[in-house]
Amino acid sequence: MPERLLACMQGPPSDLEIQILRTQCAKFPRIICEGCCGSGRHLLGLAARDPQTLCIGFELRYKRAFRTIEKSLEQGLDNVLVLRTDARSMPALLPPASVAEVHINFPDPWDRKRWHKHRVLSPQFLDGVASLLREGGTFHYKTDHRECFDQAVAWLSHHPAFETSLITYDLYESPLAAANIKTEFESLFRSQSLPIMALVASRRPIID
Ligand SMILES: C[S@@+](CC[C@H](N)C(=O)[O-])C[C@H]1O[C@@H](n2cnc3c(N)ncnc32)[C@H](O)[C@@H]1O
């Protein structure tokens, strides 16, 4: 599945993998990116909802990335691509203002202070997402981790490129519930009655 799973065995994507990524992007009028996509339930849900949109997942674990593409083939979805690489490299791999939506769902919280540097969400990552999103594009975040959620809310509220359009501390009692696609981890946390928090932030108009 070399056209669909970019395994990035040498670390960063090779020149050939970058070329495949660009070729796939050129085939679709709309692009969505999902970082830390796990085994892909949410990514495939997005792809099934809109076959005209290329849904690109970023997942470090090979088995999960592989399983995502395997399932996409079983489901007859040809608008899914997965890069087995760091989600934080997303802004460097795609052209500026080219993406309609960026999703991050239940990223690892890296709880210990000295591990915080491994967290995917950071002010620097949000700067990258701002450059990646086209005008009116949206950033979507779901988590069960209150501290990480509050931090993201604060960063976004101070970020000049974003307007936070929805924040909820209880996703299932919010307007987001109707269109929500559950992730694998979300199902697990839900079965443990853990609160699921979510937000959506829109890219403000880009002024040159
Ligand atoms: C807690 S799981 C959540 C998976 C999925 N989003 C879900 O909600 O079911 C976090 C996932 O992020 C992946 N991951 C961790 N750090 C990453 C990074 N920097 N870039 C891409 N994937 C990462 C892990 O391998 C794991 O599959």
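Me: A pocket is an open set of grid points with protein on both sides within 12 Å along at least five of seven lines. In this predicted model, how much space lies in the largest pocket?

Reply: About 620 Å³. There are 31 residues in its lining, and Cys-36, Glu-59, Phe-106, Pro-107 and Asp-108 lie nearest the centre. Helix 2 (41-49) and helix 7 (184-191) are the elements that give two or more residues to that lining.

Me: What makes helix 7 stand out in the lining of the largest pocket?

Reply: Its share: helix 7 gives three residues, the most from any element. By residue class, the lining of this pocket has twelve nonpolar, nine polar and ten charged residues.

Me: And the second largest pocket: which residues are closest to its centre?

Reply: That pocket holds about 250 Å³ of space. It is lined by 17 residues, with His-103, His-140, Leu-176, Ala-179 and Asn-180 closest to the centre. Helix 2, strand 5 (99-105), strand 6 (133-143) and strand 8 (197-203) each give two or more residues to the lining.

Me: Why is strand 8 called largely enclosed?

Reply: A residue counts as buried when its relative accessible area is under 20%. In strand 8, seven of the seven residues are buried, so the strand is largely enclosed by the rest of the structure.

Me: What makes strand 6 and strand 8 a pair?

Reply: Pairing takes at least two bridges. Six bridges join strand 6 to strand 8, and the two run antiparallel, so by that cut-off they pair. For a spot to look at, Phe-139 stands opposite Ala-201 in strand 8.

Me: Which way does strand 7 run against strand 8?

Reply: Antiparallel, with six bridges joining strand 7 (residues 162-168) to strand 8. Here you can look at Phe-162, whose bridge partner in strand 8 is Arg-203.

Me: What makes a space a cavity rather than a pocket?

Reply: In a cavity the 1.4 Å probe fits but cannot get out, whereas a pocket is open. With 30 Å³ or more as the cut-off, the count is one cavity. About 70 Å³ of space lies in the largest cavity, so it clears that cut-off.

Me: Which element gives the most to the lining of the largest cavity?

Reply: Helix 6 (residues 146-158), with four residues. The lining residues include Pro-107, Asp-108, Arg-119, Tyr-141 and Trp-155.

Definitions and conventions:
Residues are numbered from 1 along each chain as its sequence is written. This is a predicted model: local features need pLDDT of at least 70, side-chain atom pairs count only at pLDDT 80 or more; totals for chains, interfaces and linings use all residues. Side-chain values use heavy atoms; hydrogens and water are left out. On a 1 Å grid over the protein atoms alone, a cavity is a set of points where a 1.4 Å probe fits but cannot get out, and a pocket is an open set with protein on both sides within 12 Å along at least five of seven lines; lining residues have an atom within 4 Å of a point. Ala, Val, Leu, Ile, Met, Phe, Trp, Tyr, Cys and Pro count as nonpolar, Asp, Glu, Lys and Arg as charged, and the others, Gly among them, as polar. Buried means under 20% relative accessible area, exposed over 50%, partly exposed in between (1.4 Å probe, protein chains only).
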